Amino acid sequence: MFLPVMRGTLTLPANRDPEVLERLQPTHLINMCSRLQSHFNTCALHVSSEQQQITNRIKEVDQEVSSALAQLVQKQKLYTSYAETFSKVRQISQQLTRCNDILNQNIESMEYLNNLLSVDDRLEPFVWKTD
């Protein structure tokens, strides 16, 4: 049954015995093929087991990465709110500095105008203390 197919596929040199395939025992060939099939099956089971372990580990890593990403997103939102708060504080600080400058200009103007008045009509000096 195997012999005619095998004979056509073999590329034996001309000096070899052309009847070598006829001397092969089919049971030995079947046993060899069975062992090879068993070996391939064992290898396939081993590869399948390793693939399953890799797949499970990939799922675990994916969950860990998702968890870490969620934590980073939460922290980013928190830091964004902090940045907005600091921006508001900076704006208020700038406004207060501007108000202080305007107040100092007004005090200087009041002193100048007060000094233009006669001594009897002058007001007491304006005192502004900032702590």
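A residue is called buried when its relative accessible area is under 20%, exposed when it is over 50%, and partly exposed in between, with a 1.4 Å probe and protein chains only. At 53% relative accessibility, tyrosine 79 therefore counts as exposed. The model is predicted: local features need pLDDT of at least 70, side-chain atom pairs count only at pLDDT 80 or more, and totals for chains, interfaces and linings use all residues. Residues are numbered from 1 along each chain as its sequence is written, and side-chain values use heavy atoms, with hydrogens and water left out.

**Overall architecture**

- The secondary structure of the chain consists of 2 helices and 0 strands; helices (H or I, at least four residues) and strands (E, at least two) are DSSP runs numbered from the N terminus.
- Helix 2 covers residues 26–116, which is 91 residues.
- From first C-alpha to last, helix 2 reaches 131 Å, close to the 135 Å expected at 1.5 Å a residue; the expected span is 1.5 Å times one less than the number of residues.

**Surface and burial**

- The chain has 131 residues, of which 3% count as buried.
- Its accessible surface comes to about 12,300 Å², and 59% of this belongs to carbon and sulfur atoms; the areas come from the Shrake-Rupley method with a 1.4 Å probe, and for residues only the protein chains shown count as cover.
- Within helix 2, the buried residues are Leu29, Ile107 and Asn114.
- Asparagine 114 has a relative accessible area of 13% and is therefore buried.
- Contacts of asparagine 114 (heavy atoms within 4.5 Å) include Arg122, Leu123 and Glu124, leaving aside residues up to four places away in sequence.

**Aromatic residues and the nonpolar patch**

- Leu78, Tyr79, Tyr82 and Phe86 make a nonpolar surface patch of about 470 Å².
- Patches are made of residues with over 30% relative accessible area and no salt bridge; like charges are joined within 9 Å, and nonpolar side chains (Val, Leu, Ile, Met, Phe, Trp, Tyr) within 5 Å.
- The whole structure contains 1 aromatic pair.
- In that pair, the ring centres of tyrosine 79 and tyrosine 82 are 6.2 Å apart and the planes lie at 45°, so the pair is tilted.
- Rings of Phe, Tyr and Trp (its six-membered ring) pair if their centres lie within 6.5 Å; planes under 30 degrees apart count as stacked, over 60 as edge-to-face and the rest as tilted.
- Tyrosine 82 is partly exposed, because its relative accessible area is 41%.

**Salt bridge**

- Side chains of opposite charge can pair when their charged atoms come close.
- A search of the whole structure gives 1 salt bridge, meaning a side-chain nitrogen of Lys or Arg within 4 Å of a carboxyl oxygen of Asp or Glu.
- Arginine 57 forms a salt bridge with glutamate 60, with the closest N and O atoms 3.0 Å apart.
- Arginine 57 and glutamate 60 are 3 residues apart in helix 2, about one turn of the helix.
- Arginine 57 is partly exposed at 41% relative accessible area, and glutamate 60 is partly exposed at 39%.
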